[in-house]
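Let's take a walk through this protein together.

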Amino acid sequence: MAIQNIEMPKLGESVTEGTIEKWLVKPGDTVNKYDPIAEVNTDKVTAEIPSSFAGTIKELIVQEGETVDVGVVVCTIEAEGGSVEEPQPEAVPAREEPANEMPAAGSQKPPAPIKRQTGNAAGRYSPAVMRLAQENDIDLSLVEGSGREGRITRKDILAIIASGDIPKAAAPMPEQQPVMAEERPVTEAAPAKATPQPADIPTAAGDVEIPVSGVRRAIATNMLRSKHEAPHAWTMIEVDVTNLVQYRDSLKQEFKQREGFNLTYFAFFVKAVAQALKEFPMMNSMWAGDKIIQKKDINLSIAVATEDALYVPVIKHADEKTIKGIGREINELAGKVRSGKLASAEMQGGTFTVNNTGSFGSVQSMGIINYPQAAILQVESIVKRPVIMENGMIAARDMVNLCLSLDHRVLDGLISGRFLARVKEILENISAENTSIY
């Protein structure tokens, strides 16, 4: 038997850390190779860590709710095969241990006691806590930790961000300015802001308290980041899709019998967006601080909801696919979401999001941009409305609103308006005569 380490895996191309949401094993449990041992949450997906070995769980190093970087040892296992061997310290790459983290596996030193610091003294915290605090201007010396021995956890910071009550240190008096007789003495300055707590909402008989899941927390964090960082602008256009509706309705029964899945209106909208993005590539861009990245590939994220969460799988190279191909991918990805079989890789690489809000009856909405993308298009319900035609006659037409939210750092009204006008033109010219679904 030999002691082996299991590390935090990389669960996506831009994922650098993960949170142990729940351990599925305990020390002494016997596991087979590839058995799930923990549920891990990142800002993109919730997944399971499989065991890399068959053997007996020896030690759980990272606690539930703790966030660590990719590659950090989370537990050790006594693997089957070989002789009993204690892990050597040099087996783990040397790294400075922050006071709020557990020591790496293989260290022969007992964990140092965690020292809680108060007031304005500088503390040491995990990388995830430091990053969130810096991004949201939180003074960690004013935060009361809920972790073991008062440790400040990622959950503590997320709760503060969600509450909107950000603790900041009181501004110091400028040293170069002398205190004049008529000025207020420094000793009378207002006390530092109290540590914020989650909203104290009274409960009554029959109220239900629902714990925040890892997926819901990840959604909240990403949406909050998008609203805080991206200056949202919004515009809407209405489209006459009467010909599209007639064309699709004429095909749907034969298509279902031949292909085995429904031909939805949404597939036509996704195809039109992909075509317009190819003609207006600036819409397929992302903000990167000192530069804007215009993406070459057109990978469309589509929002798929379950009862308690929202997932955004990606249709890769959507501009190269037919309406039938896009429809098949929409059907397959939605099925994977609802059966819990969607892989994290299937949610990576999106460059623009199309959301089918019309599927639940919405006629107008303002989407929050799927960070770090620059825009999201909401496809609303198709509704029959009386429309004044060019000849002055009134006719019942199938109309739909397309609502675009955009990051005003990247996009302006001119390019966005031209993009929407092109999507409208494509959709209004779909017909049996000039459109093939294959």
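A nonpolar core, as the term is used here, is a set of buried Ala, Val, Leu, Ile, Met, Phe, Trp, Tyr and Cys residues joined through side-chain atoms within 4.5 Å. Buried, in turn, means under 20% relative accessible area. Keep in mind that what you're looking at is a predicted model.

First, the overall picture. The protein has 438 residues, and buried ones make up 42% of them. Its secondary structure comes to 7 helices and 19 strands. If you take the contacts between residues at least 6 apart in sequence, 65% of them join residues at least 24 apart.

Now for the inside. In soluble globular proteins, nonpolar side chains tend to be buried together. Here, the largest nonpolar core counts 55 residues, and the members that touch the most others are M283, L300, F352, L402, F419 and L427. Helix α5 is the top contributor to this core, giving 10 residues.

Next, how do the helices pack? Two packed helices are described by the angle between their axes and the distance between the axes. Start with α5, residues 265-279, and α6, residues 323-339: their axes come within 9 Å and cross at roughly 115 degrees. The crossing of α5 past α6 is right-handed. On the α5 side the contact is made by F266, A267, F268, V270 and K271, and on the α6 side by I323, I326, G327 and I330. Sorted by class, that gives 7 nonpolar, 1 polar and 1 charged residues.

The other pair to look at is α2, residues 154-163, with α3, residues 214-229. These axes come within 11 Å and cross at roughly 55 degrees, which makes α2 oblique to α3. This time the crossing is left-handed.

Which of its residues are buried? They are R154, D156, I157, L158, I160 and I161. Just after this helix, G164 takes a positive phi of about 80 degrees.

Notes: Residues numbered from 1 in each chain as written. Predicted model: local features only at pLDDT ≥ 70, side-chain atom pairs only at ≥ 80, totals over all residues. Heavy atoms only, no water. Axes fitted to C-alpha atoms, helices over the stretch in contact; angles between N-to-C directions. Helix = DSSP H or I, 4+ residues; strand = E, 2+ residues; numbered from the N terminus. Parallel < 35°, antiparallel > 145°, perpendicular 65-115°, else oblique. Left-handed = near helix turned anticlockwise from the far one by under 90°. Contact = heavy atoms within 4.5 Å. Nonpolar A, V, L, I, M, F, W, Y, C, P; charged D, E, K, R; others polar. Buried < 20%, exposed > 50% of the residue type's maximum accessible area, 1.4 Å probe, protein only.
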